[in-house]
Amino acid sequence: MLQQPKRLKFRKPHGAAPDNKKPVVDSLTFGSFGIMSIENALVNANQLDAARRAIVGFVKRKGKLWMKVFPDRPITKHPAETRMGSGKGDIDRYAAVVKKGRIIFELGGVEEKDALEAFRRAAHKISVKVKVVKKQ
C-alpha cells in the first residue's frame, strides 16, 4: 500500500522551490541504525515503499523499522499529448521532500551486518544518495 496523505488543505499547491541553504540536523531517535540523506531531493512514494519492502524482506520478522519521512507533497502532471494551457494538471504522485542530513529510515533490534545489508538494498531503490549511520 503506497503512502499518501488522507487529506490536504490545498489539493494542488504551487511548486515552491526547496530551501537548500543549510542541511537538516537530524539524529537517530528510535532505532540503532539508520540511513541518512547526503543530498537534497524529492523521493516518490513508490521509491519509499520499495525501499521499505526491501528492508522488511531482508530482516524478515526480526527488529523494528521506522520510516521518518512521509510523502505529503502532491506532484501534478498533464496527460500525454495534451495541448498547452487549460489549467494545472491532475495529481500524478506524492513525494517527500528530503533534505541533506535527514534520517529516512531507522532500524532497531537487529545485528549490525544485517542492518548494513538491508540498508544497502534499500539505497538502490531511492533516488537520493545516502549513508548508513549508527547510534554512538
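Modeller: Quick ground rule first: helices (H or I, at least four residues) and strands (E, at least two) are DSSP runs, numbered from the N terminus. This is a predicted model, so local features need pLDDT of at least 70 and side-chain atom pairs pLDDT 80 or more, while totals for chains, interfaces and linings use all residues. Residues are numbered from 1 along each chain as its sequence is written, and side-chain values use heavy atoms, leaving out hydrogens and water.

Colleague: Okay! Where is Asp114 found?

Modeller: Asp114 is in helix 2, which covers residues 112-123.

Colleague: And is Asp114 buried or exposed?

Modeller: Asp114 is buried, with a relative accessible area of 14% (buried is under 20%, exposed over 50%, partly exposed in between, using a 1.4 Å probe and protein chains only).

Colleague: Which residues does Asp114 touch?

Modeller: Phe58 and Lys62, if you don't count residues up to four places away in sequence. A contact is heavy atoms within 4.5 Å.

Colleague: Which residues in helix 2 are buried?

Modeller: In helix 2, Ala115, Ala118, Phe119 and Ala122 are buried along with Asp114. They sit on the same side of helix 2, because they cover an arc of only 125° around the axis (the arc of the directions from the helix axis to the C-beta atoms).

Colleague: What do the buried residues of helix 2 pack against?

Modeller: Four elements are listed: strand 1, helix 1 (45-59), strand 6 (103-108) and strand 7 (130-134).

Colleague: New topic. How many aromatic pairs does a search of the whole structure find?

Modeller: One. Phe30 and Trp66 are stacked, at 5.5 Å centre to centre and 20° between the planes. For the cut-offs, rings of Phe, Tyr and Trp (its six-membered ring) pair if their centres lie within 6.5 Å, and planes under 30 degrees apart count as stacked, over 60 as edge-to-face and the rest as tilted.

Colleague: What does the pair tie together?

Modeller: Parts that are 36 residues apart in sequence, because Phe30 lies in the segment before strand 1 (33-37) and Trp66 in strand 3 (residues 64-67). Phe30 is partly exposed at 49% relative accessible area, and Trp66 is also partly exposed, at 22%.

Colleague: Last one, about backbone angles. Which residue has a positive phi although it is not a glycine?

Modeller: There's Lys60, with a phi of about 55°, and Ser86, with about 60°. Most residues other than glycine have a negative phi.

Colleague: Where do Lys60 and Ser86 lie?

Modeller: Lys60 lies in the loop between helix 1 and strand 3, and Ser86 in the loop between strand 4 (73-77) and strand 5 (90-98). Lys60 counts as exposed at 60% relative accessibility, and Ser86 counts as exposed at 66%.

How values were computed. Expected span 1.5 Å × (residues − 1).
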